[in-house]
Amino acid sequence: MNSVQSHPSAALLGVANQPPLTWELPQPKRPIALKVATLLDGKGGTLRDTVVVVSGDKIERIGGPVPQGAQVYDLDGMTVAPGLIDTHVHVTYHFSHDRFIDNRLVGQDEPVPDSVLFGVENGVRILEAGFTTVQSLGPGTAWDLPLREAWARNLVPGPRLLTSLQWFRYDQPGQTVQPEPELRAMVRDLKARGADAIKIFASTSVREGSRPTLTQAQLDVICGECNSQGLRSVVHAYTSAVKMAVQAGCTAIEHGTGGMTDEALALMAAKGTFFDPTVGVVTENYVANKDKYLGVGNYTAEAFAMMEKLIANPKPPEEFMRSLKVPGLKIVYGSDATAGAHGHNAEGLLYRIKFGGQHAMQALVSATSLAAESLNLGSEIGTIAPGMTADIVAMRGDYLADATALRRMAFVMKGGRVFKYQP
Ligand SMILES: [Zn+2]
């Protein structure tokens, strides 16, 4: 009888019968070898029948023999790809008691531990779905920082997190934009507090008319300060605000609705501005969970009527279709996942492929190497190659022939640790 079984409280709790955790702590000491039939490298390349050797948190080599004593995972019958990246989520948004909890109100109507634990749950869902990196673009709460830390330490399963912490937002009545020195100080303050990027609302939401909320001069100041601080600026922009943000030198345009003119698209391609169209998840999720959102904040009956009309015919906006044809335009993948959509992050890729005619390989690149580049992490993640961080996933089936393989994530490795293996 071993000591665990002999302890009465352990027997009571069934500790002796605990199944092993699905991920491995600490970092495995021996190398891991992945036996791969089909590998998409994240940059458009395909490899067949090879071995990927992972040592520590890095990809050591591709090809060659299985190392002596390696732990082997057989990924036959699966499509292997870099860990997926979602450049636009709201990682702490959730439902509680079948209602959407607006994080901007958290502290007033939900205890902090509840909020944090819902964030932890979201992280598990996101990672299990094969997304090993996500960027959270601001709910205005402080929980992103401890979640980023806990997931980085692998205390709990969750994605690598980048966060804007807060946002620059001036869409409510009576709000005024601060003068230039204060705007610059706000950028520097967020950087000091640990923000990975700055999120800017240059327009109101679609539910509030999509009108610009910042002048060209104000955008120039905010994005200009970000650039001089080495911070990325990610801009929620519709209509005329798109071109303004591109001219201001901001890093990425989110949504873009009503503003993706041929001129704006050409300018973005020329300046290397990233475009994240956020099609196929966010609106569909609102409508699918209408009963939980209706009546909270600006989720009014009129807003739902508009959104229901928008998705009645599943067809990506004409602007997205046109953007696919712009040479050199960097279209990245972001879902804008909020409550109800965490774990379904890949649905926007399926939507782009099925309804938008985007080539499956191009869609995958947008959610791997190109997304990594947009996060300034292109030399670390988003590609399966020697020396890269070992973020590797495998989905059952042939993704290029049937992209619904994205819904059958069978293997998830983040930083060399295996979090899921369900062959
Ligand atoms: Zn968003």
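What covers the buried residues of helix H3? In this predicted model, the cover includes strand E6 (94–96), strand E8 (131–136), helix H4 (144–152), strand E17 (409–414) and strand E18 (417–421).

Helix H3 runs over residues 112–128 and has 17 residues. From its first C-alpha to its last it reaches 25 Å, close to the 24 Å expected at 1.5 Å a residue. Its buried residues are Ser115, Gly119, Val120, Asn122, Gly123, Ile126 and Leu127. These residues are on the same side of H3, because they cover an arc of only 160 degrees around the axis. The face of H3 turned away from the buried side carries the exposed residues Pro113 and Leu117. Just after the helix, Gly130 takes a positive phi of about 95 degrees.

H4 is followed by Asn154, whose phi is positive, near 60 degrees.

The next topic is the nonpolar interior. In soluble globular proteins, nonpolar side chains tend to be buried together. The largest nonpolar core of this structure has 39 residues, and those with the most contacts inside it are Phe168, Ile198, Ile200, Leu219 and Val235. At least two residues of this core come from each of H5, strand E11 (197–201), H6, strand E12 (232–237), helix H7 (240–247) and helix H8 (262–271). A second, separate core has 36 residues, including Val91, Trp151, Val393 and Met409.

Leaving aside neighbours within four places in sequence, Phe168 is in contact with Leu183, Met186, Val187, Leu190, Ile198, Lys199, Ile200, Phe201 and Ile222. Another buried residue is Ala363, with a relative accessible area of 0%. Ala363 is placed in helix H14 (residues 360–366). Not counting residues up to four places away in sequence, Ala363 touches Leu349, Ile353, Gln358 and Tyr399. Ala363 and Leu349 are 14 residues apart in sequence, and their C-alpha atoms are 6.1 Å apart in space.

Side chains of opposite charge can pair when their charged atoms come close. How many salt bridges does the structure hold? There are 17 salt bridges. In one of them, the side chains of Lys58 and Asp57 meet at 3.8 Å, N to O. Lys58 is partly exposed, with a relative accessible area of 35%, and Asp57 is partly exposed with a value of 35%.

Arg160 forms a salt bridge with Asp391, the closest N and O atoms being 2.4 Å apart. Arg160 lies in strand E9 (residues 160–163) and Asp391 in the loop between helix H15 (369–374) and strand E16 (392–396), so the pair ties together parts that are 231 residues apart in sequence. Arg160 is partly exposed, with a relative accessible area of 25%, whereas Asp391 counts as buried at 3%.

A further salt bridge joins Glu225 and Arg188, whose closest N and O atoms are 3.1 Å apart. This pair links distant parts of the chain, with Glu225 in helix H6 (residues 216–229) and Arg188 in helix H5 (residues 180–192), 37 residues apart. Glu225 counts as buried at 5% relative accessibility, while Arg188 counts as partly exposed at 39%. Salt bridges that share partners join Glu180, Arg184, Arg188 and Glu225 into one network.

Finally, the model contains a metal site. Which residues coordinate the zinc ion? The zinc ion is coordinated by His88 (NE2), His90 (NE2) and Asp336 (OD), at 2.1 to 2.2 Å. Along the chain, these donors follow the spacing H-x1-H-x245-D. Both His88 and His90 are buried.

Notes
Residues numbered from 1 in each chain as written. Predicted model: local features only at pLDDT ≥ 70, side-chain atom pairs only at ≥ 80, totals over all residues. Heavy atoms only, no water. Helix = DSSP H or I, 4+ residues; strand = E, 2+ residues; numbered from the N terminus. Expected span 1.5 Å × (residues − 1). Buried < 20%, exposed > 50% of the residue type's maximum accessible area, 1.4 Å probe, protein only. Arc of directions from axis to C-beta. Contact = heavy atoms within 4.5 Å. Salt bridge = Lys/Arg side-chain N within 4 Å of Asp/Glu carboxyl O. Core = buried A, V, L, I, M, F, W, Y, C linked by side-chain atoms within 4.5 Å. Donors = N, O, S within 2.8 Å, 3.2 Å for Na, K, Ca; no water.
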